[in-house]
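Please look over the sequence and the fold before reading on. The paragraphs below go through the pockets, the ligand and a few single residues in turn.

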Amino acid sequence: MTSLAVCPGSFDPITLGHVDVVKRALSLFDEVIVAVANNPSKSHMLDSDQRVMLARQALVGLDGVTVEPVSGLLADFCTERGARAIVKGLRGSADFDDEMAMSLLNRHLSGVETVFIMGDPTLNHVASSMVKEIARYGGDVTGLVPDAVARSLMRAKA
Ligand code: PNS
């Protein structure tokens, strides 16, 4: 039986840190669905279609990885897809505090376990929120996001 993991996030936009976590999830599971969801506590810069499109561009060529939008509860999505686990990256204790509550709630709702991967320390400074801020002011986001994403953000600003 193939093992399936779901890597959820708002991916607004997908960063090199996210790509690293997806690749490492793929080393643990046969298939990975990158689930582009909405985070009600954040205001998104990009709409869901744009976030999905950029994630697809960033992850092209990774066999076993697909990108899908999620409009409802992540727990329901995981149940429908038969996911073995949710995989999320942690950069440090601030991430942990948020993620712990979400992982327990997702397990409460659907029984799905969350597996945490420590983010690559060389990417510890990379966060979508900062990428958004830099892009809004017309700054250069190269080296923080995949090249295709950087080009697209800079084109949108021009
Ligand atoms: O990248 P983020 O913003 O930290 O990801 C958070 C996200 C989108 C995974 C979370 O907000 C989520 O799961 N949203 C979907 C709706 C849902 O299931 N909410 C309950 C979470 S316990």
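Which element gives the largest share of the lining of the second largest pocket? That share, four residues, comes from helix 6, where helices (H or I, at least four residues) and strands (E, at least two) are DSSP runs, numbered from the N terminus. This is a predicted model, in which local features need pLDDT of at least 70 and side-chain atom pairs count only at pLDDT 80 or more, while totals for chains, interfaces and linings use all residues. Residues are numbered from 1 along each chain as its sequence is written, and side-chain values use heavy atoms, with hydrogens and water left out.

The pockets rest on a grid calculation. On a 1 Å grid over the protein atoms alone, a pocket is an open set of points where a 1.4 Å probe fits, with protein on both sides within 12 Å along at least five of seven lines, and its lining residues have an atom within 4 Å of a point. Grid points are joined across faces, edges and corners, and a volume is the space filled by probe spheres set on the points.

By that account the second largest pocket holds about 190 Å³ of space, and the elements that give two or more residues to its lining are helix 2 (48-59), helix 5 and helix 6 (147-157). Among the lining residues are Met-45, Leu-46, Arg-136, Ser-152 and Lys-157. The lining divides into seven nonpolar, two polar and two charged residues, with Ala, Val, Leu, Ile, Met, Phe, Trp, Tyr, Cys and Pro counted as nonpolar, Asp, Glu, Lys and Arg as charged, and the others, Gly among them, as polar. Arg-136, which is found in helix 5, has a relative accessible area of 47% and is therefore partly exposed (buried means under 20%, exposed over 50%, and partly exposed in between, with a 1.4 Å probe and protein chains only). Although Arg-136 and Met-154 are 18 residues apart in sequence, their C-alpha atoms are 9.3 Å apart in space.

The largest pocket has a volume of about 1,200 Å³ and is lined by 50 residues, of which Gly-9, Lys-42, Lys-88, Glu-99 and Met-102 lie nearest its centre. Elements that give two or more residues to this lining include strand 1 (4-9), helix 1 (16-26) and strand 4 (85-90), but helix 4 gives the most, with nine residues. In kind, the lining of the largest pocket comprises 22 nonpolar, 18 polar and 10 charged residues.

Polar contacts are pairs of N or O atoms within 3.5 Å. An oxygen atom of the ligand is 2.6 Å from a side-chain N or O atom of Ser-10, another such pairing, with the side chain of Lys-42, is at 2.7 Å, and a polar side-chain atom of Lys-88 lies 3.5 Å from a ligand oxygen. Taken alone the ligand exposes 540 Å², of which the protein buries 84%, with accessible areas from the Shrake-Rupley method and a 1.4 Å probe.

Two further residues complete the tour. Thr-15, placed in the loop between strand 1 and helix 1, is buried, because its relative accessible area is 3%, and a polar atom of its side chain lies 3.2 Å from the backbone nitrogen of Gly-17. Met-100 lies in helix 4 and, with a relative accessible area of 40%, is partly exposed.

Definitions and conventions: Polar contact = N/O pair within 3.5 Å; in protein donor to acceptor, adjacent residues only side chain to side chain.
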